[in-house]
Amino acid sequence: MPRTTHGFAADEPKLRSIKGRLLALAVLPAVVLPVLAGCSDPGASAAQPESEAAKNGIVYNTSVDQNRIRGEKDAAAAANVPAAIAKDGKLTVATTAGSIPLSFHATDDKTPIGVEVDIAQLVADKLGLELDLQVTSWENWPLKTQSGDFEAVFSNVGINAARVKLFDFSTYRAAYMGFEAKKCSTYDIKGSDDISGLKISVGSGTNQEKILLAWNKELEEKGKAPAALQYYSSDADTILALSSGRTDLNLAPFPSVTYRENTRDDLKVVGKVNAGWPAETLVAATTLKGNGLAPAITDALNSTIKDGSYGKVLERWGLSEEAIPESKTVTEATFVTPAGTTK
């Protein structure tokens with residue numbers, strides 16, 4: 001203990017030593033014993049390393065120096081960009097920077113990086129535009145896209161019936177959600193019956209929240225206890241709550257939960273559900289309905305798929321299994337409801 005520790009007089013070394021030993025003993029069980037039990041949080045708030053090797057062999061580069069995979073301009077795709085959007089030479093893209101490896105801050109705590117950022121960069125390159133990346137909250141992107149502040153959103157947005165009334169989409173990745181829990185847990189989540197009475201953290205206004213609300217309705221109709229949904233302001237707070245036992249489960253984008261399973265010793269994936277449950281959906285670039293940008297982005301994405309740069313980006317972030325063979329434009333007119341009827 002330092003000789004000038006605050007709260008202890010310099011002429012009381014024995015008292016300070018005794019207090020120091022007592023403090024150390026008081027803390028020791030809380031720090032060491034849960035680690036041995038395999039159900040602790042070994043570093044949710046610890047400093048992020050420059051790179052991190054996962055159990056699946058992927059090395060995640062979390063530094064500011066990304067050496068991003070870049071694309072060449074596709075003249076045909078660029079020609080389809082509406083003049084009002086192309087005139088400033090920029091593609092203004094929103095991302096939420098909240099989840100590794102989707103979109104998050106690098107080790108400087110300010111530079112947004114991740115697979116969503118890389119895909120947005122490829123699209124901007126293909127359209128011959130400079131990427132103007134804007135970090136926003138999940139709650140704000142819809143209004144700011146409608147107001148014109150954002151021209152596109154790349155932030156793990158899944159297509160659903162409510163969103164197609166306001167936005168157009170260009171698909172680029174499979175959309176799954178994963179349940180995660182402490183490694184020592186025995187949960188196996190396959191449907192609503194498996195979450196009865198549990199405490200589950202979930203993001204507000206997300207597809208995963210819609211799934212849990214629907215599952216809770218099923219449980220209530222069966223006379224069973226619904227899950228208690230809990231909301232936190234950040235990934236760090238969410239995982240701290242999970243690892244400390246304040247919540248039983250977390251439902252989040254599948255890439256994020258698999259990343260944590262692969263890089264931590266205390267968490268595991270205990271269930272998987274399509275983000276469009278009870279049907280299927282895809283992750284898509286999101287643009288204002290009817291402004292004409294979605295077809296150009298779709299063309300750009302298909303150009304990246306064709307030249308292999310798309311596959312390299314997904315591989316870089318350990319998401320190759322979520323690749324799709326072709327990007328498609330989805331609008332309210334072409335969206336198909338879960339019941340199978342066209343809107």
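Here is a short tour of this predicted model, stop by stop.

Residues are numbered from 1 along each chain as its sequence is written. Local features need pLDDT of at least 70 and side-chain atom pairs count only at pLDDT 80 or more, while totals for chains, interfaces and linings use all residues; side-chain values use heavy atoms, without hydrogens and water.

**The core.** Select L127, F154, F179, I195, L249 and I297: they touch the most other members of the largest nonpolar core, which has 57 residues. Such a core is a set of buried Ala, Val, Leu, Ile, Met, Phe, Trp, Tyr and Cys residues joined through side-chain atoms within 4.5 Å, where buried means under 20% relative accessible area with a 1.4 Å probe, protein chains only. Helix α4 (residues 115-126) gives this core its largest share, 6 residues. Helices are DSSP runs of H or I, at least four residues, and strands are runs of E, at least two, numbered from the N terminus.

Now zoom in on L127. Beyond its neighbours within four places in sequence, L127 is in contact (heavy atoms within 4.5 Å) with A77, A78, V81, L91, A296, I297 and A300.

**Strand β9.** Next, pick residues 176-182. Since 5 of the 7 residues are buried, β9 is largely enclosed by the rest of the structure. Strands pair if DSSP finds at least two bridges between them. β9 runs antiparallel to β13 (residues 267-274), with 7 bridges; show A181 and its bridge partner in β13, K268. β9 also pairs with β12 (residues 249-253) in the antiparallel sense, over 4 bridges, and there E180 stands opposite N250.

Key. Buried < 20%, exposed > 50% of the residue type's maximum accessible area, 1.4 Å probe, protein only.
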